[in-house]
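Welcome to a short tour of this protein.

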Amino acid sequence: MAEVEYNFAKIEEKWQKRWERDGLFRNRREDRPPFYVLNMYPYPSGVLHMGHFLNYTLGDVMVRYKLLRGYNVLSPIGWDSFGLPAENAAIRTGTPPHEFTEGNIARMRGQMRRAGWGFDWGRELATSHPDYYRWTQWFFLKFHERGLVVKKNAPVNWCSSCQTVLANEQVKNGECERCGSQVGQKDMNQWFFRLSAYAERLLAGHDELRGKWPDAVLAMQEEWIGKSEGAEVEFRIKETGEPIPVFTTRPDTLWGVTFLSVAPEHPLLEKLLPGSPRETEIREAIRGMRAGGTSAREQAEREKEGIFTGFHVINPVDGGVAPLWIANFALMSYGTGAVMGVPAHDQRDWEFAEKYGLAVRQVIRAPNASGPEAWPEAFTGAGEIVNSGPFSGEPDNFEAIPRIIEWLEAEGRGRRKTNYRLRDWLLSRQRYWGAPIPIIYCDRCGLVPVPEKDLPVLLPADIDFARGSGNPLARAKSFVDAACPACGGPGRRETDTMDTFVDSSWYHIRFADPRNDRACWDAAKAAKWLPVDQYIGGIEHATMHLMYARFFAMALRDLGLVDFSEPFTRLFCQGMVCKLAYRCDDCKWLPAEEVGIVGPGGDPVPEEEARTLFKRMENQGLDEAGLAAEGFRAVCARCGRPVRFEMTKISKSKLNIVDPDAIMDRFGADTVRLYMLSDAPPDRMQIWTEDGINGAWRTLTRLWRLVMEGLERISPPGTPIPATLDGVNRSLRRKTHQCVRKVTESIEGGYQFNTAIARTNELLNLLRGVRDQAHPAVMRETLEVVILALSPIIPHFADECWSRLGHSGSIFEESWPECDEAAAREEETEIPVQVNGRLRARLTVPPDLPPGELERRALSDSRIRDWLAGKTVAKVVTVSGRLVNILAK
């Protein structure tokens, strides 16, 4: 008797060792076409979470599927190992960042191997290793030579307590996440990649990606690039004559300007404010406006504030005079840093004018023809132009915009302009744990690039993180002091390091040749594997990492280093893994064990009944309102206040964590993989429930028993299918090959693994029902098809079953099953018969019945004869295998 119990621990360890021994994922099949599958590499935080598990399982399934389809697959893995957490740990504990990072990598590498993900570990890299960041620095130098790296002033998030620059994500509600101090903006001389120079190419590149990348990602990038067509006009300061260029997408409203706003950091202010009557008051207001972070989102969400400068501007179209304001919604990063205020036809301007008592001038007549004094809000729609000089009376303001721009150009009052919201990429970080920027400052020679032969510029090891605040590199004399490469005199190293997004903008190319110490990569190897055929990662990276990687590819192509402009041919964005979380207004997020249930009478519900309710809440998405409808309330066990439920992303902060190690201890890796891919399409939200993982376990153990019991019934490998089979076996073969077709279509049509699993489950249910009647060769065929079809999803299980079915090699050295169309063809099919377009009967006939015979059978059917009684048949429309429609009068 075959082994009945499914010992997942023993089986998974066995096959992981076998795959590693045999080099299954080392792309050794040079006779096959190449296919490159890449998951976004992780930051080594020290522990995998369930989001990682879904992401890397998806990649592994694609890798194994492509192996079975006959490809030579590249599946590398590495570590995005620079970054702030390691430096914070050094400040907090004294553990050097390198040591902290390497320890985390070792732990996560062990978790990854245990999960059975098929990576080529021989290509493993880490961006914090000198043999990697040497080339990051080399790219900086090449971009600098090309004029794609510049140094200029820019506002940054500044914590005066920590004496350091903060990334946008480190600013929480206007405060430093490290120390809680108020964050302000500070102008600093920073390094930038000229991302804005590639704005149009980045936008045009979407034509190549449509249908291959999620529409949502392309839409987010288009919004981030923010292409705007309009006009640039030049206002002038009435009191001084200074020009103020202004970009607008609405030149049809130029005659409606009643104020002009500039950004708090606009350079013109330094010319106007010194010595002006309200200088002190205005500078104080500017400081207030520049408090908080610099992110576009934070700036957009602030309450709109401003202050009058005491100066006025002259409108170039009609000579009208309007007050000049400073406003926190005017941004130097968009347009010219100056925004014309048209309260009658812009809602933000309307609210600003209401707040500060500014004039409202109508220049577009609303359909109701009333004036602005009767409007509840700004009129932003189409209408007749009024009070606008030569354009008054134009029936449609939007259609008049091109003619207005032509007039501005002809009159010398403005010009056509395309503007982009996309900013240059700020790459400077005042941090230790990043790739050092290879620049030396010399009092005699100025800014001098480090010679290529001196790369990498190494991070010093003798850093005291506990001493002082600010950038630790700036305090390291052994690092800062350096000879000028040009004159040999004393120089100072750049102490800023590079943004970690620089590292992740080219790692996918390095994987093609990760051990090359003479060049960033061998051109032939890069040409073989790149661009990446299938990239997998979260949609949250749409407007930073994915945009930066595209920019890098285009710039590298311009440098002659690659032969492609788009780095990732196809992109798949997995959904979030979510679980119910519990929140008390006083005690914040609570673990489930600290949530009590109170019954209709106000008494606590017994523990066993409460557990049942919690299970229902998880599995049915029952919220507090649904609980209340049944007479129950959830309360905080600490303070007794009501508890709210939220289905949210699994995270430590919300105390709804699911530990992958603990789950694999209980069920094994394959059960987790099966569960995560069986309930919903992988690009949708995945809901984690205890019932769900238990259901996946039951599915696997039932399949295990079916295979083990079948070993005594099936024929030996290679036994041909008999030419003649009874109805039961013909039906089983038909469903088997239909399953192959449907599973293949589900995977090829968008990685709908949940549909593929559902189709194999249907086939298994059929097999269980007829196994006592199944021919041994047909039963073998069905079991092998099921195991092959599920093998990318449950690989350890599948390889063990394949071995027990009598095969010597790994299942992943086999071929994906082919659908035998003859076997899959239905013996009979159901044809709807209509009379004058209405369904009146259904016929069961052979699928290849000739149209004439199909028509004869339809007309002779007793049900149809009844419907045709007393009528004359005018025409019969027959669609073979699909439909009969009888037209009768």
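## Cavities

The count of cavities of 30 Å³ or more comes to 4. Please keep in mind throughout that this is a predicted model. The largest cavity has a volume of about 80 Å³.

Which residues line the largest cavity? They are Leu24, Asn27, Arg28, Arg29, Arg32, Leu67, Tyr71, Asn72, Val73, Phe812 and Glu813. Sorted by class, this lining holds 5 nonpolar, 2 polar and 4 charged residues.

Next comes a space that is open. The second largest pocket has a volume of about 510 Å³. Its lining is made of 25 residues, and those nearest the centre are Lys212, Leu571, Phe572, Gly750 and Tyr751. The lining residues divide into 11 nonpolar, 7 polar and 7 charged.

Where does this lining come from? At least two residues each are supplied by H2, helix H8 (215–225), strand S26 (532–537), strand S27 (568–573) and helix H24 (727–748). S27 gives the largest share, with 5 residues.

The largest nonpolar core has 88 residues, and within it Trp688 and Ile787 touch the most other members. Helix H2 (residues 50–68) contributes the largest share of this core, 11 residues. Apart from this core lies another, of 82 residues, which includes Leu38, Trp529, Tyr535 and Leu556.

Why is helix H27 (residues 795–804) described as largely enclosed by the rest of the structure? The reason is that 8 of its 10 residues are buried. Those buried residues are Pro795, His796, Phe797, Ala798, Asp799, Glu800, Cys801 and Trp802.

The cover over the buried residues of H27 includes helix H1 (8–22), H2, helix H4 (97–115), helix H22 (669–678), helix H23 (690–710) and helix H26 (776–790). After H27 comes Gly806, which has a positive phi near 105°.

## Backbone details to check

Most residues other than glycine have a negative phi, and most peptide bonds are trans. Against that background, a cis peptide bond joins Leu455 and Pro456, with omega about 0°. Pro456 sits in the loop between strand S22 (446–449) and helix H14 (477–480). A cis peptide bond also joins Leu530 and Pro531, again with omega about 0°, and Pro531 is placed in the loop between helix H17 (523–529) and S26.

Lys588 has a phi of about 65° and belongs to strand S29 (residues 588–590). With a relative accessibility of 43%, Lys588 counts as partly exposed. Leu655 has a positive phi of about 60° and lies in the loop between strand S32 (643–649) and helix H21 (660–667). Its relative accessible area is 40%, so Leu655 is partly exposed.

Is Glu566 buried or exposed? Glu566 is buried, because its relative accessible area is 4%, under the 20% cut-off. This residue is in the loop between helix H18 (545–558) and S27. Its side chain makes a polar contact of 2.8 Å with the side chain of Arg550. Leaving aside neighbours within four places in sequence, Glu566 is in contact with Gly205, Glu208, Leu209, Pro531, Arg550 and Met554. One of these partners, Pro531, is joined to Leu530 by a cis peptide bond.

Glu354, in helix H12 (residues 347–356), counts as exposed at 61% relative accessibility. Glu354 and Pro343 are 11 residues apart in sequence, and their C-alpha atoms are 8.6 Å apart in space.

Technical notes: Residues are numbered from 1 along each chain as its sequence is written. This is a predicted model: local features need pLDDT of at least 70, side-chain atom pairs count only at pLDDT 80 or more; totals for chains, interfaces and linings use all residues. Side-chain values use heavy atoms; hydrogens and water are left out. A nonpolar core is a set of buried Ala, Val, Leu, Ile, Met, Phe, Trp, Tyr and Cys residues joined through side-chain atoms within 4.5 Å. Buried means under 20% relative accessible area, exposed over 50%, partly exposed in between (1.4 Å probe, protein chains only). Helices (H or I, at least four residues) and strands (E, at least two) are DSSP runs, numbered from the N terminus. Contact means heavy atoms within 4.5 Å. On a 1 Å grid over the protein atoms alone, a cavity is a set of points where a 1.4 Å probe fits but cannot get out, and a pocket is an open set with protein on both sides within 12 Å along at least five of seven lines; lining residues have an atom within 4 Å of a point. Grid points are joined across faces, edges and corners, and a volume is the space filled by probe spheres set on the points. Ala, Val, Leu, Ile, Met, Phe, Trp, Tyr, Cys and Pro count as nonpolar, Asp, Glu, Lys and Arg as charged, and the others, Gly among them, as polar. A polar contact is a pair of N or O atoms within 3.5 Å; within protein, one must be able to donate a hydrogen and the other to accept it, and residues adjacent in sequence count only if both atoms are side-chain atoms.
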